[in-house]
Amino acid sequence: MDLSNLDQDRLPKHIAIIMDGNGRWATNRNKPRVFGHNEGMKRVVDVVENSLNIGIKYLSLYAFSTENWKRPQKEIDFLMQILIKYIDDQLNKLVTQGVKINILGDISVLPKKVIQKIEYALDSTKDNNKLILNIAINYGSRQEILLAVNNAIENGQILTENEFSNLLYTRNQPDVDLLIRPGGEKRLSNFLLYQMSYAELYFSDTYWPDFKLDSLVDAIYWYQNRNRRFGGLK
C-alpha cells in the first residue's frame, strides 16, 4: 500500500478503534470464537506497526469493556491469556520502537498474573513517546466520567473542561479525531464518549481480523476528506 496519498499535514493525532467482529469472523469459518480473537490480536500488532509508519501519535484500542464480563468464562479467560501473550511477544519491540503503553480502565479486578504483566509493560515503556498506545481493559466511558466527577466532588473542585479532561484515563492527551469501528455495527458501545465529542466516525463492514493496512489507510483518507468545522463555518 502506497502511503504517499495521505496528507501528512492532516493526519489524525488520535485514532480510536473498536476492534469488533472477531467472533463472527471465526463463526463464518466454522471455527470457535477464540480463533477469531487470536487472529484479531495479529491485527493489533499490525495496526501499531502501521500507525508508527504513518505517523499517528495516539492510538486507543478497545480490548475489553466492563460489559464483556457477561461473556462465557472460557472466552474471558482466553482474552486475558491473549493479553499476556501480546505483552510477552511484543514488549521488547514496543520498547525499541518508542511506544508507550497506557491503560484505560480499572485493572484492579483482573487476575493477579494479568495485573503484574500489565504493570511490567507500563514500567518498561514509561519513557517512550513516539506513539502512545492506550489499551482499554475493563473500561466503560460512563464509569470513567462518574469516577472523574466523584473525584472532583471529593476534592471540592469546580472544574474547567481542561481540568476535567485531566481527571480521565486519557489525561494530557488530545481528544479523539477519528473513531474506526470495523465489524458492521454502528454504535459507540460506551467507548471514550467524552473524548469523542467531535470525532469523525468511520464504520466498516470489514471484520477486525480482516482490517489490514489498506483498510486503515482508507479510513484515514476518508477522514482527510471530511470538513471538520467544530460547530463553526469553513
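Ile118 touches Leu83, Ile87, Ile103, Ile107, Leu110 and Ile137, leaving aside residues up to four places away in sequence. In this predicted model, Ile118 is also among the members of the largest nonpolar core that touch the most other members. The points below take up the cores, then the pockets, then the rings.

**Nonpolar cores**

- The largest nonpolar core has 48 residues, and besides Ile118 those touching the most other members are Ile17, Val48, Leu59, Leu133, Ile180 and Ile220.
- Helix α3, residues 73-97, contributes the most to this core, with 10 residues.
- Another core lies apart from the largest one and has 13 residues, including Ala16, Val176, Phe191 and Ala199.
- In soluble globular proteins, nonpolar side chains tend to be buried together.

**Largest pocket**

- The volume of the largest pocket is about 780 Å³.
- Its lining consists of 34 residues, and Met19, Tyr62, Ala63, Phe64 and Asn68 lie nearest the centre.
- Two or more lining residues come from each of α1 (22-27), α2 (33-54), β2 (58-65), α3 and β4 (131-139).
- By class, 17 of the lining residues are nonpolar, 9 are polar and 8 are charged.

**Second largest pocket**

- The second largest pocket has a volume of about 270 Å³.
- It is lined by 13 residues, of which Asn102, Ile103, Leu122, Tyr169 and Arg171 are the closest to its centre.
- Strand β3 (residues 99-104) supplies the largest share of this lining, 4 residues.
- The lining divides into 7 nonpolar, 4 polar and 2 charged residues.

**Aromatic pairs**

- The structure contains 9 aromatic pairs.
- The ring centres of Phe164 and Tyr194 are 5.0 Å apart and their planes meet at 55°, so this pair counts as tilted.
- Phe164 belongs to helix α6 (residues 161-165), while Tyr194 sits in the loop between β5 (178-181) and β6 (200-203); the pair links distant parts of the chain, 30 residues apart.
- Phe164 counts as buried because its relative accessibility is 13%, under the 20% cut-off.
- Tyr194, with a relative accessible area of 23%, is partly exposed.
- Ring pairs also join Tyr62, Tyr139, Tyr169 and Phe191 into a cluster.

Methods: Residues are numbered from 1 along each chain as its sequence is written. This is a predicted model: local features need pLDDT of at least 70, side-chain atom pairs count only at pLDDT 80 or more; totals for chains, interfaces and linings use all residues. Side-chain values use heavy atoms; hydrogens and water are left out. A nonpolar core is a set of buried Ala, Val, Leu, Ile, Met, Phe, Trp, Tyr and Cys residues joined through side-chain atoms within 4.5 Å. Buried means under 20% relative accessible area, exposed over 50%, partly exposed in between (1.4 Å probe, protein chains only). Contact means heavy atoms within 4.5 Å. On a 1 Å grid over the protein atoms alone, a cavity is a set of points where a 1.4 Å probe fits but cannot get out, and a pocket is an open set with protein on both sides within 12 Å along at least five of seven lines; lining residues have an atom within 4 Å of a point. Grid points are joined across faces, edges and corners, and a volume is the space filled by probe spheres set on the points. Ala, Val, Leu, Ile, Met, Phe, Trp, Tyr, Cys and Pro count as nonpolar, Asp, Glu, Lys and Arg as charged, and the others, Gly among them, as polar. Rings of Phe, Tyr and Trp (its six-membered ring) pair if their centres lie within 6.5 Å; planes under 30 degrees apart count as stacked, over 60 as edge-to-face and the rest as tilted.
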